[in-house]
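Subject: Structure handover

Hello,

Here is the structure we talked about. Please open it alongside this message and follow the residues as you read.

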Amino acid sequence: RGALMEQLGVKLEVLPDGRRRWHGCAKDTPRCFGTVRAQTPQYLLAGRWTPPCCLRALRATARHVLAQLEAAGVRHWLEGGSLLGAVRLGDVIPWDYDVDVGLYREDVPKCRWLAAVAATGRPVEDPEGFLWEKAAEGEFFRVHFSRANRLHVDLWPFYARRGGVMTKDTWLGHGQDVEFPESFLVPLGTVAFAGVLAKAPNDPRAFLELKFGPGAVERPEYPNPEVRRL
């Protein structure tokens with residue numbers, strides 16, 4: 001039965017009595033897809049959406065990270081496609097492969113795990129098995145579901161430059177990767193996301209339209225339509 005599920009690519013089996021049998025990834029296994037190229041994971045190329053086990057891990061990692069930041073008093077908010085998913089669905093977008101969170105750079109030392117990574121440059125595993133590290137691509141942080149399973153939350157340190165505009169030190173060339181007025185964060189608002197109330201810009205729709213363009217909430221699209229269009 002397990003071999004059949006693997007052959008068909010089935011990750012979650014709902015049994016007649018309502019019980020669920022998982023066949024996908026977990027804390028002690030790698031995630032279900034390889035390196036993401038041109039913002040397009042393998043499953044999109046195969047005409048599928050994010051495996052449910054991967055979505056489950058993304059939600060768990062997001063809830064853990066948001067709780068840690070909140071407890072430490074770090075000012076933070078949902079960013080990019082994660083905020084888009086929150087506004088549309090109250091959840092991770094069903095074809096997404098990571099979660100994005102912005103935070104104030106000056107608050108990084110308040111979080112013990114981020115402070116440890118920033119001080120040593122080495123990854124730190126917290127007591128619940130989540131792995132905190134500095135991203136290899138630039139000046140931001142990444143929190144993985146586990147050492148084995150690299151489903152992750154990206155943490156983007158922003159700071160205000162003259163004129164009250166939020167900026168950061170690493171830009172990856174994504175269309176939504178733009179500076180924005182700090183007024184979106186003062187005060188912060190909240191949105192439902194992955195089973196919790198998450199911090200968000202105080203005008204999520206205006207924030208998303210600044211990042212993605214008019215009508216972004218109503219017109220879903222894959223991260224890179226040039227590779228795969230919804």
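**Salt bridges**

Arginine 19 and aspartate 17 form a salt bridge, with their closest N and O atoms 2.7 Å apart. Both arginine 19 and aspartate 17 are exposed. Please keep in mind that this is a predicted model.

Glutamate 125 has a relative accessibility of 40%, so it counts as partly exposed.

A further salt bridge joins lysine 168 to aspartate 177, where the closest N and O atoms are 3.0 Å apart. Is lysine 168 buried or exposed? Lysine 168 is buried, because its relative accessible area is 5% and the cut-off for buried is under 20%. Aspartate 177, at 18% relative accessibility, counts as buried by that cut-off too.

There is also a network of salt bridges, which links Arg75, Glu106, Asp107 and Lys110. As background, side chains of opposite charge can pair when their charged atoms come close.

Strand β4 covers residues 98–104, and seven of its seven residues are buried, so the strand is largely enclosed by the rest of the structure. In a regular strand the side chains alternate between the two faces of the sheet. In β4, Asp98, Asp100, Gly102 and Tyr104 point one way, while Val99, Val101 and Leu103 point the other way.

Which strands pair with β4? One is strand β3 (residues 76–78), which pairs with β4 in the antiparallel sense over three bridges. Here tryptophan 77 stands opposite glycine 102 of β4. Another is β8, which pairs with β4 in the parallel sense over seven bridges. In that pairing, aspartate 100 has aspartate 154 in β8 as its bridge partner.

The UniProt record, an unreviewed entry, carries the annotation "domain: LicD/FKTN/FKRP nucleotidyltransferase" for residues 71–108. In the model, this span is 32% helix and 26% strand, and its end C-alpha atoms lie 13 Å apart.

**The nonpolar core**

The largest nonpolar core has 59 residues, and those with the most contacts inside it are Leu69, Leu114, Trp132, Leu155 and Phe193. Helix α3 (residues 52–72) gives the most to this core, with nine residues. In soluble globular proteins, nonpolar side chains tend to be buried together.

Leucine 155 shows what such contacts look like. Beyond its neighbours up to four places away in sequence, leucine 155 touches Val65, Leu69, Val101, Leu103, Leu114, Trp132, Phe140, Phe141 and Val143.

**Proline 157**

Proline 157 is in strand β8. With a relative accessibility of 9%, proline 157 counts as buried. Apart from neighbours within four places in sequence, its contacts are Leu103, Arg105, Glu139, Phe140, Phe141, Thr167 and Lys168. Aspartate 169 is twelve residues from proline 157 in sequence, and their C-alpha atoms are 8.1 Å apart in space.

**Two buried loop residues**

Asparagine 149 is in the loop between β7 (141–144) and β8 (152–161). Why does asparagine 149 count as buried? Its relative accessible area is 0%, and buried means under 20%.

What does the side chain of asparagine 149 reach? It reaches the backbone nitrogen of leucine 151 at 3.2 Å. A polar atom of the asparagine 149 side chain also lies 3.0 Å from the backbone oxygen of alanine 26. Leaving out residues up to four places away in sequence, asparagine 149 touches Cys25, Ala26, Lys27, Thr29, Pro30, Arg31 and His144.

Threonine 40 is in the loop between β2 (20–22) and α2 (42–45). Threonine 40 is buried as well, with a relative accessible area of 4%. Its side chain reaches the backbone oxygen of alanine 38 at 3.0 Å. Other than neighbours within four places in sequence, threonine 40 is in contact with Leu45, Asn224, Val227 and Arg228.

Regards

Definitions and conventions:
Residues numbered from 1 in each chain as written. Predicted model: local features only at pLDDT ≥ 70, side-chain atom pairs only at ≥ 80, totals over all residues. Heavy atoms only, no water. Helix = DSSP H or I, 4+ residues; strand = E, 2+ residues; numbered from the N terminus. Buried < 20%, exposed > 50% of the residue type's maximum accessible area, 1.4 Å probe, protein only. Polar contact = N/O pair within 3.5 Å; in protein donor to acceptor, adjacent residues only side chain to side chain. Contact = heavy atoms within 4.5 Å. Core = buried A, V, L, I, M, F, W, Y, C linked by side-chain atoms within 4.5 Å. UniProt positions renumbered as here; feature names shortened; annotations may be inferred. Salt bridge = Lys/Arg side-chain N within 4 Å of Asp/Glu carboxyl O. Pairing = 2+ DSSP bridges.
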